[in-house]
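Here are a few exercises on aromatic rings and nonpolar cores. Have a go at each task before you read its solution.

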Amino acid sequence: MPHPNSCTITVDGQSLTGPADQPLIDFLADHQVELPHICYHTTLGAIQSCDSCWVKADGKLVRGCTVRTRDGLAVDIGGDDAKDARREGLDRIVARHELYCSVCDNNNGDCQVHNAVVQAELPFQRYEYQPKPYEVDSSHPFYRYDPDQCILCGRCVEACQEVQVTGTLSIDWASEHPRVLWDGGRDAGDSSCVSCGHCVTVCPCNALMEKSMLGQAGPLTGMPDAVKRPAIDLIKGLEPTLGYEPIIALSEMDSDWREPDISRTKTVCTYCGVGCSFEMWTRGREILKVQPHPEAPVNGISTCVKGKFGWDFVNAPDRLTQPLIRENDAFREATWEEAYALIARRFREIQNETGPDSLAFVASSKCTCEESYLMQKLSRAVMGTNNIDNCSRYCQSPATTGLFRTMGYGGDSGCEEDLKQAELVLFVGSNTAESHPVMATRLRQAQKHNGQKHVVLDIRRHEMAARADLFLQPTPGTDLVCLNTFARYILDHGLQASDFIAEKVNHFDEFRESLAPFTLEYGESVTGIPAERLAEAARMIAEADTVCAVWAMGVTQHMGGSDTSTAIANLLLLTGNGDRRGTGAYPMRGHNNVQGCSDFGSMPDTFPGYQSVDDEAVRAKFADGWGVPLSGNPGMDNHEMVDAIHEGRLRSLYVIGEDMAVVDANALYVQDAFEKLDFFVVQDIFFSRTCEFADVVLPATPSVEKDGTFVNTERRLQRLYEVMPPLGNARPDWRILTELAQHLGAPWHYQHPSEIMDEAASLTPLFAGASYERLAGWRSLQWPISADGTGTEHLYTGGFHFDDGKARFHPVHWQAPDEQPDDEYDLHVNNGRLLESFHEGNLTARSEGLSQLIPGNFVEVSPTLARERGLVDGTRVRLTSRRGSIELPVVVTDRVTGKQVYVPENATRNLRAINVLTSSDVDRDTNTPAYKEVAAKLEVLEPSGPPALPATNPRYHRARPQDGAQAERKWQRPDYVTPPGSANNPEIV
């Protein structure tokens with residue numbers, strides 16, 4: 001008997017064994033059996049629109065994409081009935097698509113139309129090609145749509161409606177000449193399209209193409225239209241006489257010519273913490289396109305606008321390419337040897353004069369794990385100080401603290417699959433659709449396809465809130481009260497997971513007592529949410545079988561960020577949602593490698609793998625491994641560093657890839673500190689605001705110019721490969737750190753980042769089995785990684801990370817934020833990310849297309865406030881807090897309410913930078929800045945002006961959600977004939 005998960009089928013008389021219940025096309029591909037197909041895609045499934053994959057299954061003529069394998073299945077591919085049906089389907093396809101492969105931008109071996117014609121051995125074009133009565137749509141900043149090349153396969157629609165779940169695209173099947181529509185008939189660039197790129201990625205031909213590919217893909221594609229069009233007409237004129245065979249042969253020769261000219265290199269996205277990976281297509285230094293792959297472990301075929309299209313910064317003309325040294329208040333270019341010698345001399349002078357703790361180091365969450373490891377090793381083993389930190393201090397640390405307190409590990413409980421499987425997801429302070437867009441696609445899919453429930457707790461009505469099953473808007477800074485009120489209600493009504501608590505969680509009695517104040521009445525009085533809505537949310541959470549909690553900077557960037565994170569974990573434990581698949585805690589990491597930067601030791605109190613600096617045994621292990629004595633003095637975090645500079649205790653700072661001058665809270669105070677430093681080194685790829693204060697600026701490289709690894713928000717290690725060599729005289733950060741350490745007298749001899757990973761793994765149980773071999777290609781591992789290379793998808797299925805294997809309730813109490821609006825500073829200023837920009841915009845602002853969508857920074861105000869103050873879109877206002885002032889144009893929107901306003905982080909200069917307004921208040925446990933606790937006043941500077949957002953921005957348009965491409969509407973057309981019958985009117989079918 002076959003294994004229940006396998007089966008044996010017969011294909012044209014040949015027995016094949018493989019997985020049961022697998023799509024037939026995938027099953028055949030695994031056995032190197034070609035079945036021509038176009039509309040089918042592994043991710044999208046059976047759209048059934050192209051009619052090119054007909055087979056006989058158990059004697060019945062069916063579309064092959066609809067067949068799933070089972071034991072005993074008999075499939076006939078080579079018989080005349082199936083071949084005739086496929087031939088008819090393909091004849092109709094090429095009647096819609098003008099085959100001119102040798103001059104086509106998509107003739108790169110993966111055009112499904114070309115490949116299907118070759119596989120089916122189509123001899124010639126039976127139905128005459130007829131152009132469609134539509135112009136090419138080039139209105140979108142990143143791609144163009146050519147209706148004449150569109151075969152109406154529906155892949156783009158399926159991807160938009162069912163994978164991205166934005167709902168922009170459709171096909172007007174009832175039209176005389178069907179075509180793909182944006183929002184029912186708008187231009188692509190003036191629609192609800194969020195530029196995720198799914199449609200372009202899955203298009204099987206050249207109907208949808210990245211503009212960066214047009215005219216760039218092959219030796220003949222760059223011809224001017226005046227030459228290209230006659231060449232196409234000449235070839236098409238020969239087809240009736242010559243047939244397809246010589247034309248296809250020429251196109252395949254052309255494809256082969258292109259192969260050595262175009263590199264396809266796997267990399268990992270440099271933006272948010274989701275960890276999307278994809279191939280980057282390049283010719284020399286020119287980035288032709290980003291092509292995601294179904295095997296990518298996190299994103300599959302998915303991308304967002306930044307990951308798909310936001311790479312212009314790599315070749316920006318203002319990249320740093322040569323070291324700079326300040327002399328006489330100006331910078332001059334220097335050699336690397338000169339820069340290294342100066343840094344080494346000044347570091348040693350300061351170390352000798354005032355001790356190693358008068359120097360400090362800040363690593364970058366944009367850099368690789370290996371580079372974080374070297375930065376903390378430079379600080380500890382070469383300079384002798386634990387003054388090392390990274391930007392997790394700005395976002396991640398409170399969440400990590402909350403999880404260390406309750407569950408034992410400072411990372412996401414599980415993985416993307418757990419989030420997708422959950423019956424309910426609780427979002428707290430997480431603008432997931434804009435901050436972690438590909439993760440949001442997975443959760444929208446789960447909501448649409450699996451009925452997943454979403455409860456959103458946020459002060460702003462962002463996309464996830466608008467789509468939520470229940471949306472609660474608390475008074476700013478009161479999330480903890482909501483969460484503890486939920487917990488108290490659950491206990492009062494006996495809805496807690498009593499057996500789970502008794503067996504697997506400690507300190508229940510103390511936790512229950514701590515909830516005494518949090519009645520529904522108290523919750524309503526503090527949060528402003530009606531008691532019945534609080535009760536409804538509590539019941540939904542308690543009654544769901546599996547719950548995941550997602551939170552982000554809307555939680556962590558408060559004075560009580562650690563306590564609110566702890567309250568989320570407590571609620572999960574109370575409802576038994578900690579140690580099963582489909583459950584757990586998921587604080588979304590903001591930067592591409594903020595998790596890995598912390599994991600690999602760039603923290604003031606822990607070595608790599610969160611091994612405590614004050615543990616003598618741990619310290620002795622690293623001292624032995626590195627061959628130097630190590631300090632046990634507690635280090636400063638980056639918030640403390642700024643205060644120490646003002647106090648004269650910290651004299652030198654080395655910052656990699658962090659624009660601290662504008663991303664630190666209370667930016668003017670930080671900039672004043674930088675003016676006081678005796679010696680300041682900044683390592684970056686652009687001359688940032690922070691570089692302006694430096695004594696030495698070192699030119700580093702972005703991720704695409706080096707090898708290494710990142711760790712995403714799921715604790716997933718992934719390799720990235722060098723796509724192109726460093727620009728000019730810039731160097732990878734790991735090489736700079738190695739060479740600088742050598743100038744400081746350290747015997748560092750790393751030749752490749754893999755050697756750094758091997759060393760880190762040898763000293764760190766958390767990723768003991770990590771290696772470049774085990775992470776090759778699309779492979780990935782989630783920590784903890786055992787020595788044999790086994791990763792961990794869910795942290796707690798075998799127990800919690802404490803000595804007794806039990807989790808711990810950790811009682812927390814609410815304190816109102818220190819900074820509150822008053823009569824003068826009467827507005828609450830919220831702040832955060834935008835889909836089209838990242839962080840302060842040093843990378844994304846250098847993209848012409850992204851800047852077209854978001855030209856600059858702005859402030860969102862509510863319709864109520866707009867009426868009260870006489871504000872309209874484009875009104876220029878000054879916002880003034882107790883620290884400083886910024887000037888911004890207004891966007892009036894119902895995303896904010898009352899006297900709450902929202903300012904994106906999207907600014908690199910003081911005039912519009914949100915952190916000119918923010919304070920030095922911090923989370924009480926981790927020193928994470930309380931970015932979200934700002935009071936300000938508003939002054940109108942100009943009552944009218946140009947709108948901050950162009951009218952074409954997708955926020956101003958309404959999508960048209962539907963279920964898939966709706967190919968059945970095609971079959972219902974009066975001119976449709978099911979193959980192998982001949983089409984009545986092939987040019988429009």
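## Exercise 1: the cores

Task: Which residues have the most contacts inside the largest nonpolar core?

Solution: In this predicted model, the largest nonpolar core has 159 residues, and those with the most contacts inside it are Trp311, Phe347, Leu378, Phe486 and Tyr654. Next, look at who supplies this core: helix H16 (residues 479-492) gives the most, with nine residues. Then there's a second, separate core of 56 residues, and Ile151, Cys153, Ile248 and Ile301 are included in it.

Now zoom in on tyrosine 654. Leaving out residues up to four places away in sequence, tyrosine 654 touches a list of residues including Phe347, Phe361, Leu378 and Leu740.

## Exercise 2: a ring pair

Task: Take the rings of phenylalanine 347 and phenylalanine 361; is the pair stacked, tilted or edge-to-face?

Solution:
1. The ring centres are 5.9 Å apart and the planes stand at 80°.
2. Planes over 60 degrees apart count as edge-to-face, so that's what this pair is.
3. Phenylalanine 347 lies in helix H9 (residues 336-354) and phenylalanine 361 in strand S15 (residues 359-362), so the pair ties together parts 14 residues apart in sequence.
4. Phenylalanine 347 counts as buried because its relative accessibility is 0%; phenylalanine 361, at 1%, counts as buried too.

## Exercise 3: charges over rings

Task: Which ring does the charged end of arginine 380 sit over?

Solution: The charged end of arginine 380 sits over phenylalanine 607, 5.0 Å from the ring centre. Elsewhere, arginine 87 lies over the face of phenylalanine 124, at 5.3 Å from the ring centre.

Terms used:
Residues are numbered from 1 along each chain as its sequence is written. This is a predicted model: local features need pLDDT of at least 70, side-chain atom pairs count only at pLDDT 80 or more; totals for chains, interfaces and linings use all residues. Side-chain values use heavy atoms; hydrogens and water are left out. Rings of Phe, Tyr and Trp (its six-membered ring) pair if their centres lie within 6.5 Å; planes under 30 degrees apart count as stacked, over 60 as edge-to-face and the rest as tilted. Helices (H or I, at least four residues) and strands (E, at least two) are DSSP runs, numbered from the N terminus. Buried means under 20% relative accessible area, exposed over 50%, partly exposed in between (1.4 Å probe, protein chains only). A charge sits over a ring if NZ of Lys or CZ of Arg is within 6 Å of the ring centre and within 35 degrees of the ring normal. A nonpolar core is a set of buried Ala, Val, Leu, Ile, Met, Phe, Trp, Tyr and Cys residues joined through side-chain atoms within 4.5 Å. Contact means heavy atoms within 4.5 Å.
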